[in-house]
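Student: Before we start, could you show me the model, so that I can learn how to read its features one at a time?
Tutor: Here it is; let us go through it together.

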Amino acid sequence: MEVKIISTECIKPSSPTPHHLRNHKLSFFDQYAPHQQIPLVLFYSLNKEENLTPSDINHIVSERLQLLKQSVSETLSRFYIFAGKIKDHCAVDCNDEGIYFAEARVDSLLNDLLSHPDIHLMSKFLPYDGLWRPNAGNHVAGVQVTTFACGGIAVGIFVSHMIADGVAFSWFLKSWAARARKNNEAEVYPKFDASSVFPYENECPREKLLTPVLTSHLKFGKFITRRFVFDASAIAKLKAEATRSSVQNPTRVEVVTALFAKCFMAALKQKPDSDKPFLLTHAVNLRRKAIPQFSEYMGNFVRLSYVVFKDPDEELHDLVRQLKEGIAKVNRDFVSNLQGDEGLLNLIEAVKYEREVCDAAVDKISFSSWFNFGIYDLDFGWGKPDWAGMIGLNDSATFHNVVMLMDTRKGDGIEAWVYLLEEEMAKLLLDKELLAFATVDPNPLK
């Protein structure tokens with residue numbers, strides 16, 4: 001599939017950013033966020049009526065492109081940091097140069113792609129890869145709109161993890177879609193003073209804040225990506241299995257995460273030092289844990305929970321119980337200790353402990369959930385997306401074991417994007433217990 005770039009430009013905010021907001025300081029959580037981008041691709045079919053001529057389709061597509069440009073310009077007036085550029089590892093220059101915006105075209109049909117999705121093609125629908133590097137002078141966000149021969153559209157977006165986590169990213173997308181529909185009530189009014197909540201001190205070396213998850217258990221080799229999809233009936237069975245013990249009200253995230261942990265540990269039995277504990281981390285949104293809550297705060301308000309599994313033969317309900325206990329440790333007291341004058345010192349001490357836990361583990365896997373982000377409600381005026389996806393790896397890289405959990409289109413299932421070394425993925429694809437609940441790389445339209 002050849003994707004041709006037709007044009008590129010920078011879309012400026014519809015109104016200028018006030019001078020006193022031009023220099024955006026990063027919080028200490030922003031400081032040690034992964035130096036990578038958060039990608040997302042949304043696919044929309046034309047939903048065309050009968051007897052549309054090619055000229056009609058071109059006209060509709062042209063109108064939609066113009067609407068996307070106008071509405072993102074208006075949205076950037078509120079989310080002005082998305083129109084800036086990286087200044088250094090401490091700040092963003094909100095200079096109103098604009099968000100990078102590319103138009104592209106592909107000669108094939110959208111339905112052909114969605115009927116037999118090759119997730120390793122996803123990067124073709126995202127802005128130029130060179131912009132992803134978190135270097136000074138680079139854009140913090142970019143958009144690529146790709147039109148298909150049938151009139152379908154792929155909207156690919158990336159944002160630097162330095163300025164937003166998944167929750168904050170979703171607020172920008174919701175506001176953009178709401179602005180396109182002229183629904184002001186659905187827009188988010190963001191707050192950009194995270195650095196006042198978690199202030200950063202320049203004299204503190206950044207390496208002290210680097211979470212050990214980013215520096216330990218890094219692997220080099222051929223990483224590949226596969227989608228494991230759990231429908232509502234499979235999740236109901238997993239929940240029933242989890243409640244066999246004293247576990248109360250397990251969530252779909254908890255039971256699917258525990259199942260993956262169980263299958264990973266089964267594969268690790270063949271490794272040297274397999275008697276060492278297995279480490280699982282799960283991202284936790286701190287906004288909901290604080291009293292009062294950090295509502296509408298942009299930036300990174302995410303902390304990892306650490307769960308150490310010592311017995312590879314434990315049952316699913318035991319793993320769910322331990323997972324719940326680990327996540328529960330990231331509570332309001334935990335968040336409170338990270339604020340104020342002592343917050344940074346407390347974080348450094350927490351990182352020291354986490355590094356010890358990581359060093360003692362035989363292996364680890366990191367989970368992050370995008371549930372309830374409203375991805376499948378992103379309607380720019382022509383309907384909700386047919387499918388939403390991330391990016392697929394299929395080459396040699398230095399990476400971690402990662403699982404990203406997303407909603408399915410119906411909202412009652414789970415689509416897990418799993419990133420593993422080729423040899424480890426091969427073992428996972430043979431795990432009968434996992435395959436009893438999950439379908440691998442299914443047609444997203446079904």
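**Reading contacts, helix packing and backbone angles**

Tutor: Leaving out residues up to four places away in sequence, Asp107 touches Lys4 and Ala149. Please keep in mind throughout that this is a predicted model.

Student: Where is Asp107 found, and is Asp107 buried or exposed?
Tutor: Asp107 is found in the loop between β6 (99–105) and α3 (110–115), and with a relative accessible area of 59% Asp107 is exposed. Asp107 and Cys150 are 43 residues apart in sequence, while their C-alpha atoms are 8.6 Å apart in space.

Student: How should I read Phe278, and is Phe278 buried or exposed?
Tutor: Phe278 lies in strand β10 (residues 278–285), and its relative accessible area of 4% falls under the 20% cut-off, so Phe278 counts as buried. Apart from neighbours within four places in sequence, Phe278 is in contact with a list of residues that includes Ala261, Phe264, Met265 and Leu268, as well as Val307, Val308 and Phe309. The C-alpha atoms of Phe278 and Pro312 are separated by 8.2 Å, although the two residues are 34 apart along the chain.

Student: How does one describe two packed helices?
Tutor: Two packed helices are described by the angle between their axes together with the distance between those axes. In this model, the axes of helix α2 (residues 54–76) and helix α4 (residues 166–180) come within 8 Å and cross at roughly 125 degrees. The two helices, α2 and α4, are therefore oblique to each other, and their crossing is right-handed.

Student: Which residues of α2 and α4 meet?
Tutor: From α2 the residues are Leu67, Leu68, Ser71, Val72, Glu74, Thr75 and Leu76, and they meet Phe172, Ser175, Trp176, Arg179 and Ala180 in α4. The residues of this contact between α2 and α4 divide into seven nonpolar, three polar and two charged.

Student: At what angle do α7 and α9 pack?
Tutor: Helix α7 (residues 232–242) and helix α9 (residues 316–328) pack at an angle of about 85 degrees, with their axes 8 Å apart, which makes α7 roughly perpendicular to α9. Here Leu238, Glu241 and Ala242 in α7 meet Leu316, His317 and Val320 in α9, and the residues of that contact comprise four nonpolar, one polar and one charged.

Student: And how do α7 and α8 pack?
Tutor: Their axes are 9 Å apart and the packing angle is about 80 degrees, so that α7 is roughly perpendicular to α8. Ile235, Leu238, Lys239 and Ala242 of α7 make the contact with Arg252, Val255, Val256 and Leu259 of α8; by class, the contact of α7 with α8 has six nonpolar, no polar and two charged residues.

Student: How many of the residues of α8 are buried?
Tutor: Of the 17 residues of α8, 15 are buried, and the helix is mostly covered. Helix α8 (residues 252–268) reaches 24 Å from its first C-alpha to its last, close to the 24 Å expected at 1.5 Å a residue.

Student: What should I look for in the backbone angles?
Tutor: Most residues other than glycine have a negative phi, and most peptide bonds are trans. Against that background, the peptide bond from Ile291 to Pro292 is cis, with omega near -10 degrees, and Pro292 has its place in the loop between β10 and β11 (302–309). Glu296, found in the loop between β10 and β11, has a positive phi near 60 degrees and is partly exposed, with a relative accessible area of 30%. Asp441, in the segment after β17 (439–440), has a positive phi of about 50 degrees although it is not a glycine.

Conventions. Residues numbered from 1 in each chain as written. Predicted model: local features only at pLDDT ≥ 70, side-chain atom pairs only at ≥ 80, totals over all residues. Heavy atoms only, no water. Axes fitted to C-alpha atoms, helices over the stretch in contact; angles between N-to-C directions. Parallel < 35°, antiparallel > 145°, perpendicular 65-115°, else oblique. Left-handed = near helix turned anticlockwise from the far one by under 90°. Contact = heavy atoms within 4.5 Å. Nonpolar A, V, L, I, M, F, W, Y, C, P; charged D, E, K, R; others polar. Expected span 1.5 Å × (residues − 1). Buried < 20%, exposed > 50% of the residue type's maximum accessible area, 1.4 Å probe, protein only.
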